[in-house]
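Visitor: I'd like to learn how to read the packing in a structure. Could you walk me through an example?

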Amino acid sequence: MEVKIKSIHFDATAKLEEFINKKAQRLARRNEEVTEFNVTLEVIKPKTSMNKEASIKLIIPNREDLFASKVADTFEEAIDLCIDALERQLEKFDKNR
């Protein structure tokens, strides 16, 4: 699985990228069909709380892509919320096979 991280108007730290890769690998173990894990990180309104937005798009060949976008105080929290939403989407996908 390929992990792509795009940070808008800032540089993501190595620690944040490592966190994202770890979460991507965990999600990939749940469904081996995922070929791409695309993450977009953006600071919405600087100097306010709840200003970190994470969007994750999962590419799965021969089916509709899965997408989640969440806003939180930290990027790690927003990514965790996205992962939770994507896991629920994957569960629905697995049940409908």
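Guide: Contact here means heavy atoms within 4.5 Å. This is a predicted model, where local features need pLDDT of at least 70 and side-chain atom pairs count only at pLDDT 80 or more, while totals for chains, interfaces and linings use all residues. Residues are numbered from 1 along each chain as its sequence is written, and side-chain values use heavy atoms, with hydrogens and water left out.

Visitor: Is Leu90 buried or exposed?

Guide: Buried means under 20% relative accessible area, exposed over 50%, and partly exposed in between (1.4 Å probe, protein chains only). Leu90 counts as buried because its relative accessibility is 1%. Leu90 sits in helix H2; helices (H or I, at least four residues) and strands (E, at least two) are DSSP runs, numbered from the N terminus.

Visitor: Which residues have the most contacts inside the largest nonpolar core?

Guide: In soluble globular proteins, nonpolar side chains tend to be buried together. A nonpolar core is a set of buried Ala, Val, Leu, Ile, Met, Phe, Trp, Tyr and Cys residues joined through side-chain atoms within 4.5 Å. Here the largest one has 24 residues, with Phe37, Leu41, Ile56, Leu58 and Ile79 having the most contacts inside it. H2 gives the largest share of this core, eight residues. Among the residues that Ile79 touches are Phe19, Leu41 and Ile56.

Visitor: Where does Ile44 lie?

Guide: Ile44 is in the loop between S2 and S3, and counts as partly exposed because its relative accessibility is 40%.

How values were computed: Lists of a residue's contacts leave out its neighbours within four places in sequence.
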